[in-house]
Amino acid sequence: MSDEPREPEPMPAATQPGQPAGVPVMPGPPPLSAAERVRIAARRRGESDYIFSYWSALGWTILTLGIYGFYVFYQLVRRTRDHNARRLELLDAATTVAWEQAGRQGLQQELAPSFERAAGHVAVLRQMIRDFREPVIWLVLAIVARGIAEIVAFVLLDQDLIKHDRAEASVEHELSLIYGRLGQQLPAPDQGRVKGPDNYVGRIVAAIFSLGIYMFWWFTTRCRSRTSTSPATGPRRKSW
């Protein structure tokens, strides 16, 4: 054994589970900035806010003896899920951008109450993402229990719309105040766009006594779109 000092051995390269030792870990893509997240979410609007042509959908449903209606039903559930996820990403990123700007201008402490209120409303939107709204499963339920599953889904989608719009409008209101203080004037949200709940019992009774014919009208309330304004993206056409 030699008493001469030895060169320290190099530390092994970091490895990931299932990766052979000695293979260096490839660096992943850099995290997106909040501003880039806003731009990406805004560009994805066409993916999530698909708008149906009701009469075309109705015509194809009749011609295919109701089969095309399953596709429409699937898209209605998917559209709500994807729209909610995209708007959550956009509003969360827009809030982060505002917080960063407030830090650069020394206004974080002054605007903290508005940011806290906005965070609370964003938390409501985030919780909605965890709700059971998987379109494939709902499609299977509609095929197995047609009529019943669709009625249940329509009631849940309407309740989602009300809850989502209330939280979204509240976030937009706080962001309008925050960005105004930061020197960027944004339009105030349209509080009138938040609808009230439908008369669910009346709709269900009408669907039963009309032998399902009323369901065609109920589809129109799911397929049609309306216009609202978002401080984060400007005027937008909103579809449910």
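Author: Helices (H or I, at least four residues) and strands (E, at least two) are DSSP runs, numbered from the N terminus. Read from that end, the chain goes α-α-α-α-α-α-α-α-α-β-β. The model is predicted: local features need pLDDT of at least 70, side-chain atom pairs count only at pLDDT 80 or more, and totals for chains, interfaces and linings use all residues. Residues are numbered from 1 along each chain as its sequence is written, and side-chain values use heavy atoms, leaving out hydrogens and water.

Reader: How many helices and strands are there in the chain?

Author: The chain has nine helices and two strands.

Reader: Why is R87 with E172 called a salt bridge?

Author: A salt bridge needs a side-chain nitrogen of Lys or Arg within 4 Å of a carboxyl oxygen of Asp or Glu. The closest N and O atoms of R87 and E172 are 2.6 Å apart, so the pair meets that rule.

Reader: Is R87 buried or exposed, and how do you know that?

Author: Buried means under 20% relative accessible area, exposed over 50%, and partly exposed in between, with a 1.4 Å probe and protein chains only. R87 has 0% relative accessibility and therefore counts as buried. E172 also has a relative accessible area of 0%, so E172 is buried.

Reader: What do R43 and E36 count as?

Author: R43 is at 58% relative accessibility and therefore counts as exposed. E36 is at 21%, so E36 counts as partly exposed. The closest N and O atoms of R43 and E36 are 3.6 Å apart, so these residues form a salt bridge under the 4 Å rule.

Reader: What makes D92 and R126 a link between distant parts of the chain?

Author: D92 forms a salt bridge with R126, with the closest N and O atoms 3.3 Å apart. D92 sits in helix α4 and R126 in helix α5 (residues 108-129), 34 residues apart. Salt bridges with shared partners join R37, E89, D92 and R126 into one network. R126 has a relative accessible area of 32%, so R126 is partly exposed.

Reader: How many salt bridges does the rule give?

Author: The count comes to 13 salt bridges.

Reader: What share of the 240 residues counts as buried?

Author: The share is 39% of the residues of the chain.
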